[in-house]
Amino acid sequence: MGVPYATQLRAKQARVAALLPPGVAWEEPFASPESGFRTKSTMVVGGTPAEPTLGILDADGLGVDLSACGLLGPATAAAMPVLREFIAAAGLRPYEVPRRSGELKYVHVVEAADGGLLVRFVLRSQGQVGRLQRSLPLLHEQLPAMRVVSVNLLPEHKAVTAGATEILLTDETTLAMPFGEVTLHVAPGAFVQTNGTVAAALYRQAGGWIDADLAAREANRTTAAAGFTAPSNTTASTSSTATATPSTSVLDLYCGVGGFALHAARPGRVVHGVEVSPPAVASARRSAAEMGLEVTFDVGDATAARALAAEPDLLIVNPPRRGLGSELAAQLEAMDTPTVIYSSCNPGSLARDLAAMPSLKPVRARLFDMFPQTDHAEVLTLLRRR
Ligand SMILES: C[S@@+](CC[C@H](N)C(=O)[O-])C[C@H]1O[C@@H](n2cnc3c(N)ncnc32)[C@H](O)[C@@H]1O
């Protein structure tokens, strides 16, 4: 922090370009607002019952308040003092890591572009749920834009930010997040990109590259078909079969709540997403249904052989920081799918995966500055089979 933004962006661009092979056509980096860009925030609860902190823990496990952090989105920033007051008023004791006592461990906040909020309280035990529920009308009064509230239970003392049990406290089960033409539904715990402005541009860019790639292939196919000289005894129906437009198939692995898949949907395209998180898949299905799209989603493991059983015309992958890993990379290397769109939040694991897939050549790439003021980078690449 403190490094001028243009310098940050140049340094990131140079770093990611050095990690990818030469010969890639790089587009201008997509810049982010420098502050107020975080549309999802995970705040560790610390401090005392009367004066809770929302932020991080210091080296001794004590709370450091970051509720006035300049990176938080505007609706999240406005909600922070209200949430701190609410925690004190509702008597929710902050969890004390050094003593392993107390109840409230984290508050997760997601904000939509229209200011709507999803708030998730991560508690050690179920005992406090009633207390929270009773005080909720007060919170709703002070945060009218709060659409979804849930409690997540994390009884274990371990370094993760949520447990397996989710209890919804509102009728609304997902936060509707408009990204251009597409409204994504985000359920508590489902993955959502960190920076809404940049995520919208990322999805738009991927949709544009997919359109251009499939259109170019279709044009080549039509040219090839037109150049074909039919033998004199070929019937009219045979030649019309040669020029009919077949539907194209797009597979989105690690699809989350469907951001890439829904932006790739077009008439005549069969789009399918695979994702391990059931709430994310339910959210993606809801968005597709609301938009009247026949995009389908399944809960599944992207690394299982089944996920790639039918080879698509175009594949999208957007794995977590660890990347695809050697097994999935080997599967992609062995496929015939001509184009892969790879969106990565970790250029290091992207470079490792690319080295394991020599048949897939990165031809276009663009840095999306999802995480300004850090050295993290999101990179979208278009890979073509050699
Ligand atoms: C970087 S996020 C991308 C999500 C989505 N593409 C988006 O833009 O919101 C990675 C996603 O992969 C999912 N995931 C992690 N491991 C997986 C696996 N083995 N199989 C399928 N999905 C997985 C996570 O739940 C998360 O939703």
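Begin by selecting the ligand together with its shell: 16 residues surround the ligand, and the closest are Tyr203, Glu275, Asp301, Ala302 and Asn318 (a residue is near a molecule if one of its heavy atoms lies within 4 Å of it). The model is predicted, so that local features need pLDDT of at least 70 and side-chain atom pairs count only at pLDDT 80 or more, while totals for chains, interfaces and linings use all residues. Residues are numbered from 1 along each chain as its sequence is written, and side-chain values use heavy atoms, with hydrogens and water left out.

Colour the shell by residue class next: nine residues are nonpolar, four polar and three charged (Ala, Val, Leu, Ile, Met, Phe, Trp, Tyr, Cys and Pro count as nonpolar, Asp, Glu, Lys and Arg as charged, and the others, Gly among them, as polar).

Then display individual atom pairs. Select Tyr203, where a polar side-chain atom lies 2.7 Å from a ligand oxygen atom. Move to Asp301, which has a side-chain N or O atom 2.8 Å from a nitrogen atom of the ligand. At Tyr254, show the backbone: one of its N or O atoms is 3.0 Å from a ligand nitrogen atom. The protein covers 89% of the 600 Å² of accessible area that the ligand has on its own (Shrake-Rupley method, 1.4 Å probe).

Finally, select the domains, whose bounds come from an automatic or database domain assignment: domain 1 comprises 5–33 + 195–221 + 247–385, and domain 2 comprises 40–170. Their C-alpha centres lie 32 Å apart.

Notes
A polar contact is a pair of N or O atoms within 3.5 Å; within protein, one must be able to donate a hydrogen and the other to accept it, and residues adjacent in sequence count only if both atoms are side-chain atoms.
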